[in-house]
Amino acid sequence: MNITRRKLLMGSGAAVVVAGGAVLTPMLTREGSLVPGQPRVGFVEGMEGPLPAQADVVVVGAGILGLMTAISLVERGLSVVIVEKGNIAGEQSSRFYGQVITYKMPDATFMLHHLGKQRWREMNAKVGFDTSYRTQGRVEVPLDEEDLENVRKWIAARSAELGPDIPFKTRIIEGAELAQRLRGAVSEWKIAGFEEDSGSLDAEVTTFVIAEYAKRIGVKIYTNCAARGVETQAGAISDLVTEKGAIRTSRVVVAGGAWSRLFMQNLNVSVPTLPAYQSQQLVSAAPGLPGGNVALPGNIYFREQADGTYATSPRVIVAPVVKESFIYGYKYLPLLALPDFPVHISLNEQLLNSFMQSTHWALDEVSPFETNRNMVAAPDLPELNASLEKLRAEFPAFKEATLIDQWSGAMAIAPDENPIISVVKEVPGMVINTATGWGMTESPVSAEITAALLLGEKPILDPTPFDLYRFA
């Protein structure tokens, strides 16, 4: 049973589910649940043999955030080992939508994304291979007059804020230019925001190319090697303990994506995030398709990929109710009220699983990560199929495109939607980089911030909006 946004009120140890004034009886559903899986596409081998005895830094997680952080640290001259419970890019990092954008981003994350666009434009040259990145203009038609006015104000504010070093290239378009960018549309769209320098990355390629580059420059990646926790001496980290043994180190980065909160719970550190899943699909090229990256009212989204296929996704987040929903779910209520943030609250077996999940274990015991190697979210097929029909109705050329794949990605989102990039005060020598739905866009810059925090340097951006303790 899915309950749309603003229908779930969580707090005071109880969940009240309301829809049209009627209380609905919870029913188990498949949407919004995790199931065992594999990387959607692609595969990169991990290291063979025993773990190294020592490393300057150990990174937990071989998704895009962990890989980029490891690269940033190696570039500073450190030895880095990544330990990954499953496969490289086995979960969200092979399932992302792939927009590299700043459009309507708030103050805290705008520069994270703006600098991220610059880093990705330089990435192919840096790694020596095609990451699939393409600079690709993005059109978004506003929802209504109020939305349009807010976009105008946002453009004016950002234009005044930025200097000439990294130009701001978002503007309002209409008339012939808009018609060309939406060629083949049935509706006569009048006005839109246009982000000229937005970028595009493809889930089938990017993280695997970055992983190969990380290996070439000396990052050692061990797969099927779950981190269990850390040992300390005199209050500081002395070892990172895995299921395959310990690595002596004084610095650890936690970049475990949706699993970061559970890892930190075993250290008695609270990371207030809730799970969120978004489904996507891939369709083939076809004659007459408009190209580019488009977002239209009515939940119509598509993005042309480097190989000519099209990624398309309804912008609908599926949020399963879990134990933590009853503890701090009320902090998410402002997100549920946003007009362009459709959320389906899902009541399914994950609620029971979250109460049964062990949150503390000894370092010589099997951890939960060893029984959840590569977990993926079940796709919301009704929402995907409905969105594809809407896309085909608006752009008839898509009727000739064939469905290639459907999937869902699992994220962990903080109450304010900002990422968590922070030192961990309770564990000196540890930094966490997690809790984002924009990991691909942010990863080059969030990695630089993480490395700076770990080494006591001044970060490229003020990390205060991303601090773990901002919710206290």
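In this predicted model, three strands make up an open sheet, lined up in the order E8-E13-E9 and paired antiparallel. The edges go to strand E8 (99-100) and strand E9 (134-135); each has a single partner strand, so one side of each is left without a neighbour in the sheet. As for the contacts inside this sheet, E8 pairs with strand E13 (residues 199-200) through two bridges, in the antiparallel sense. Here valine 100 sits opposite glycine 199 of E13.

Strands of a sheet are held in pairs by backbone hydrogen bonds, and the pairing can be parallel or antiparallel.

Next comes strand E19 (residues 274-283). Nine of its ten residues are buried, that is, under 20% relative accessible area, so the strand is largely enclosed by the rest of the structure. What does E19 pair with? One partner is strand E26 (residues 403-413), which runs antiparallel to E19 and is joined to it by ten bridges. Within that pairing, serine 279 faces another serine, serine 408 in E26.

E19 also pairs with strand E23 (residues 317-320), again in the antiparallel sense, this time over two bridges. Tyrosine 277 has valine 318 of E23 as its bridge partner.

How values were computed:
Residues are numbered from 1 along each chain as its sequence is written. This is a predicted model: local features need pLDDT of at least 70, side-chain atom pairs count only at pLDDT 80 or more; totals for chains, interfaces and linings use all residues. Side-chain values use heavy atoms; hydrogens and water are left out. Two strands pair if DSSP finds at least two bridges between them. Helices (H or I, at least four residues) and strands (E, at least two) are DSSP runs, numbered from the N terminus. Buried means under 20% relative accessible area, exposed over 50%, partly exposed in between (1.4 Å probe, protein chains only).
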